[in-house]
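My notebook is open, and I am new to this one. I'll jot down what I look up as I go.

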Amino acid sequence: MASAHLLRFFRYFIVVFSIVIFHCAPNPRYYSGSAKSYPTKTSTTSEFVSPVNGMSPSRISSGWGDRREGGRMHKAIDITGSEGEQIFAIADGIITFSGRKKDYGNVVEIDHKNGFTSLFAHNQKNLVQKGQKVKSGEPIAKMGNTGKSTGVHLHLEIKKDGEFVNPEKYLR
Ligand SMILES: [Zn+2]
């Protein structure tokens, strides 16, 4: 009797333990799926969700540090895609700019309130307004070819404490 009871308790313990382990297991992020399937709370970490659906390394047409005309360094990554494709907020934040800038074309800037800011350029259309709060994975723009751009793509910049950082380091 006593051992049966103990066995039942033990089984219960195993079930609870597996549930805890399952929920603590790292989520597959970035290259493996849709932006919507990623964890939504990122405000306390430097982990961001993918800005596009179906992200893969082969979609990066221009990486961090590529030289540009006049020897300028590309402090961003360019992600190829199709005209009108959805672009998502990479983390919770507040829109600090949504409008047009000369070379950037239609551009959205987000302050993530943890030292990080992100910028999305060459958009066909912006879907957010300055001052608006956005959630991680929320659509903020549609991909396009506006401004100084030679094809449909997303130009993504990330800054940490005001300094440019390689987005690929954070979008893992
Ligand atoms: Zn670029």
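Is β10 largely enclosed or largely open, and how many of its 8 residues are buried? I looked, and 6 of the 8 residues of β10 are buried, so the strand is largely enclosed by the rest of the structure. For my own use: buried means that 20 or more other C-beta atoms lie within 10 Å of a residue's own, exposed means 12 or fewer, and partly exposed is in between, with C-beta atoms placed from the backbone.

**Ground rules.** This is a predicted model, where local features need pLDDT of at least 70 and side-chain atom pairs count only at pLDDT 80 or more, while totals for chains, interfaces and linings use all residues. I number residues from 1 along each chain as its sequence is written.

**Overview.** I found 2 helices and 11 strands in the protein chain. These are DSSP runs, numbered from the N terminus: helices are H or I with at least four residues, strands are E with at least two. Along the sequence I read the pattern α-β-β-β-β-β-β-β-β-β-β-β-α. The chain has 172 residues, and 30% of them count as buried. I also checked contacts, where two residues touch if their C-beta atoms, placed from the backbone, lie within 7 Å. Among contacts between residues at least 6 apart in sequence, 59% join residues at least 24 apart.

**Around β10.** Next I asked which strands sit beside β10. I count two strands as paired if DSSP finds at least two bridges between them. As a reminder to myself, strands of a sheet pair through backbone hydrogen bonds, either parallel or antiparallel. β6 pairs with β10 in the antiparallel sense over 6 bridges, and there Phe 120 stands opposite Leu 156. β2 is also antiparallel to β10, with 4 bridges. In that pairing I see Ile 77 opposite Leu 156, and Ile 79 has Leu 154 as its bridge partner. Ile 79 also stands opposite Ile 60, where β1 (residues 60-62) and β2 pair antiparallel over 2 bridges.

β11 (residues 163-165) joins β10 through 3 antiparallel bridges. Ile 158 stands opposite Val 165 in β11. The hairpin of β10 and β11 has 2 residues between the strands, and Asp 161 takes a positive phi near 50° in this hairpin.

**The core.** Which residues touch the most other members of the largest nonpolar core? Ile 87, Ala 89, Val 108, Phe 120, Ile 140 and Leu 156 do, in a core of 27 residues. β2 (77-80), β3, β5 (105-111), β6 (116-123), β9 and β10 (153-160) are the elements that give two or more residues to this core. β6 gives the most, with 4 residues. By nonpolar core I mean a set of buried Ala, Val, Leu, Ile, Met, Phe, Trp, Tyr and Cys residues joined through C-beta atoms within 7 Å. In soluble globular proteins, nonpolar side chains tend to be buried together.

I took a second look at Val 108. Not counting residues up to four places away in sequence, Val 108 touches Ile 95, Phe 97, Ser 98, Phe 120, Asn 123, Asn 126, Val 128, Ile 140 and Ala 141.

**The open sheet.** I also found an open sheet of 3 strands in the order β3-β9-β7, with antiparallel pairing. Its edge strands are β3 (86-88) and β7 (125-126), each of which pairs on one side only. β3 is joined to β9 (residues 139-142) by 3 bridges, and Phe 88 stands opposite Pro 139 in β9.

**Two stops in β4.** Ile 94 belongs to strand β4 (residues 93-101). Is Ile 94 buried or partly exposed? Ile 94 counts as partly exposed because it has 15 C-beta neighbours inside 10 Å. Leaving out neighbours within four places in sequence, Ile 94 is in contact with Ile 110, Asp 111, Gly 131 and Lys 133.

Thr 96 has 14 C-beta neighbours inside 10 Å, so it counts as partly exposed. With neighbours within four places set aside, Thr 96 contacts Glu 109, Ile 110, Asp 111 and Lys 130. Thr 96 and Val 108 are 12 residues apart in sequence and 7.8 Å apart in space, C-alpha to C-alpha.
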